[in-house]
Amino acid sequence: LRIQIQSDHDREKGPWTKPETWTQMKRNLTGHKVRMLLGNPSKIKRDLNPRIDQVYHYVGDLNADGSDETGTVNLYRDRVVSFTSPFEN
């Protein structure tokens with residue numbers, strides 16, 4: 001029950017929790033447009049890769065299995081260079 005409650009809470013974190021939102025993701029979107037589309041990320045981190053400036057992490061247990069699903073968006077010079085949907089498996 002606790003896992004289900006946490007999963008319900010995670011699914012309410014924003015548009016990033018819906019598969020159809022990730023289908024609209026594409027390269028060259030700006031960081032602002034990514035946040036408008038997916039919502040605010042759970043974490044924003046720097047990356048050691050010289051071709052990636054920032055990584056947006058979207059994290060939450062979306063299917064109540066007890067483990068977090070993670071979506072990432074890699075940006076270079078405020079443009080999306082790659083991304084991974086939490087629904088790809």
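**Entry 1. Thr72.** Leaving aside neighbours within four places in sequence, I found Thr72 in contact with Trp22, Val55, Tyr56, His57, Phe83 and Thr84. I note at the outset that the model is a predicted one. I then looked up where Thr72 lies, and it is in strand S3. Is Thr72 buried or exposed? Its relative accessibility is 16%, and buried means under 20%, so Thr72 counts as buried.

**Entry 2. The whole chain.** I then stepped back to the overall layout. The protein chain holds three helices and four strands, and I read their order from the N terminus as α-α-α-β-β-β-β. The chain has 89 residues, of which 38% count as buried. I also looked up how far apart in sequence the contacting residues are. Among contacts with a separation of 6 or more, 43% are between residues 24 or more positions apart. The chain exposes about 5900 Å², and carbon and sulfur atoms supply 49% of that area.

**Entry 3. The sheet.** In what order do the four strands lie in the sheet? I found an open sheet with the order S1-S2-S3-S4 and antiparallel pairing. Strand S1 (43–46) and S4 are the edge strands, since each pairs on one side only. From one strand to the next, the twist averages 25 degrees. Helix H3 packs on this sheet and touches S2, S3 and S4, and the direction of H3 makes about 10 degrees with that of S2. I then examined S1 and S2, which run antiparallel and are joined by four bridges. For Lys45, I noted Val55 in S2 as the bridge partner.

**Entry 4. Helix H3.** I looked up which residues of helix H3 (residues 31–38) are buried, and recorded Gly31, Val34, Leu37 and Leu38. Why do the buried residues line one face of the helix? Seen down the axis of H3, they fall within an arc of 125 degrees, so they line one face. On the face turned away from the buried side, I found the exposed residues Lys33 and Met36. The buried residues of H3 pack against helix H2 (19–22), strand S2 (54–60), S3 and strand S4 (79–84). After H3 comes Gly39, and I noted that its phi is positive, near 95 degrees.

Entry 5. As general background, nonpolar side chains in soluble globular proteins tend to be buried together. Leaving aside neighbours within four places in sequence, Met25 is in contact with Val34, Leu37, Leu38, Val73, Val80 and Phe83.

Note on methods:
Residues are numbered from 1 along each chain as its sequence is written. This is a predicted model: local features need pLDDT of at least 70, side-chain atom pairs count only at pLDDT 80 or more; totals for chains, interfaces and linings use all residues. Side-chain values use heavy atoms; hydrogens and water are left out. Buried means under 20% relative accessible area, exposed over 50%, partly exposed in between (1.4 Å probe, protein chains only). Helices (H or I, at least four residues) and strands (E, at least two) are DSSP runs, numbered from the N terminus. The arc is that of the directions from the helix axis to the C-beta atoms. Contact means heavy atoms within 4.5 Å. Accessible areas come from the Shrake-Rupley method with a 1.4 Å probe; for residues, only the protein chains shown count as cover. Two strands pair if DSSP finds at least two bridges between them. Axes are lines fitted to C-alpha atoms, for helices over the stretch in contact, and angles run from 0 to 180 degrees between N-to-C directions.
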